[in-house]
Amino acid sequence: MSSLGFIGTGAIAAPMIRHLVGKGHSVTATRRSEAVSSELARSHGIKIEDPQSVIDTSDIVFLCLRPHQVEAIRPLTFRDDQMVVSVMAATPLAFLRDLCAPVSEIVQTIPFEFLDKGGCPLPAFGNTDLLAELFEPENTVIPVSGEAALNAHFAACTTLPAVLDLMNTGAEWLAGETSDNESAERYVAQLVTGFLAAIEHRPVGLATARDGLATEGTLSLQMTEAMKSGGAYIAMQDALDAINERLKTP
């Protein structure tokens, strides 16, 4: 098994670490974030070291800092026999190569907090075989053609909180009608997750699944038409375009 190191130990690093320790890998991580790293040391036996020691003891180094923190990596020294996995948005490959020189094997990806539960799609640019070895078959690595395609996936994943916000709006409305907040939220959450699980086992396109619900004369069609006429879909497309442009800026 490989020795893995994590620079940055927060909400995105934690599920990756839990998954990797569960597969038998040795993991060393930096202390920050203190609460997360301490809990992982207690629950999963990871080692906590300073950033340079993490790199020195690792075959594969995961960079899990926020984009504005990335310069903290510059004073650190890497080896040419190491591999780097970056989960940092808006951090171009050319910049990473300069930052992590002399490392040549770098892969960029987009994990989510449910990765340790399985079923997390991992769009990736670079050494996708490395990611597949570490995270499949529980999760799915999706090779992309370049950084522009990876940035588009970064942009698309921002729709998730918007979808959750729509679900929350529906649950709050239902709770207002029933005076039962807990049941309303459980109903909406299970309605959506159950339907999506059914699609996964009976593969159809999202538009096909939508049209199967929103047929002529139905209440579902009334809802989708109201969202369309209210400009909700155009607003989402405009936001995606703006986020994608932001990701292109180093």
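**Figure 1. Helix H7 and its packing.** The buried residues of H7 pack against helix H8 (181–201). Helices (H or I, at least four residues) and strands (E, at least two) are DSSP runs, numbered from the N terminus. Contact means heavy atoms within 4.5 Å. This is a predicted model: local features need pLDDT of at least 70, side-chain atom pairs count only at pLDDT 80 or more, and totals for chains, interfaces and linings use all residues. Residues are numbered from 1 along each chain as its sequence is written, and side-chain values use heavy atoms, with hydrogens and water left out.

H7 covers residues 159–178. Its 20 residues reach 29 Å from first C-alpha to last, close to the 28 Å expected at 1.5 Å a residue (1.5 Å times one less than the number of residues). Met167, Ala171 and Ala175 are its buried residues. Seen down the helix axis, they fall within an arc of 80 degrees, so they line one face of H7 (the arc is that of the directions from the axis to the C-beta atoms). The face turned away from this buried side carries the exposed residues Glu172, Trp173, Gly176 and Glu177. Buried means under 20% relative accessible area, exposed over 50%, and partly exposed in between (1.4 Å probe, protein chains only).

**Figure 2. The loop after H7.** Serine 179 follows H7 and is found in the loop between H7 and H8. Its phi is positive, about 60 degrees, although the residue is not a glycine. Serine 179 is exposed, with a relative accessible area of 67%.

**Figure 3. The largest nonpolar core.** This core has 27 residues. A nonpolar core is a set of buried Ala, Val, Leu, Ile, Met, Phe, Trp, Tyr and Cys residues joined through side-chain atoms within 4.5 Å. Phe6, Met16, Ile17, Phe62, Leu134 and Phe135 have the most contacts inside it. Elements giving two or more residues include strand S1 (3–7), strand S4 (60–63) and helix H5 (128–135). Helix H1 gives the most, with five residues. Isoleucine 17 touches Phe6, Thr9, Val27, Ala29, Leu40 and Ile46, not counting residues up to four places away in sequence. Apart from this core lies another, of 18 residues, among them Ile7, Phe78, Leu93 and Val103.

**Figure 4. The largest pocket.** Its volume is about 2,700 Å³. On a 1 Å grid over the protein atoms alone, a pocket is an open set of points where a 1.4 Å probe fits, with protein on both sides within 12 Å along at least five of seven lines; lining residues have an atom within 4 Å of a point. Grid points are joined across faces, edges and corners, and the volume is the space filled by probe spheres set on the points. The lining comprises 48 residues. Val163, Met167, Val192, Phe195 and Leu196 lie nearest the pocket centre. H7, H8 and helix H10 (219–229) are among the elements that each supply at least two lining residues.

Figure 5. Most residues other than glycine have a negative phi, and most peptide bonds are trans. A cis peptide bond joins arginine 32 and serine 33, with omega about 5 degrees. Serine 33 lies in the loop between S2 and helix H2 (34–44). The bond from alanine 101 to proline 102 is also cis, with omega near 10 degrees. Proline 102 sits in the loop between H4 and strand S6 (105–109). Alanine 90 has a positive phi of about 55 degrees. This alanine 90 lies in the loop between strand S5 (83–86) and H4.
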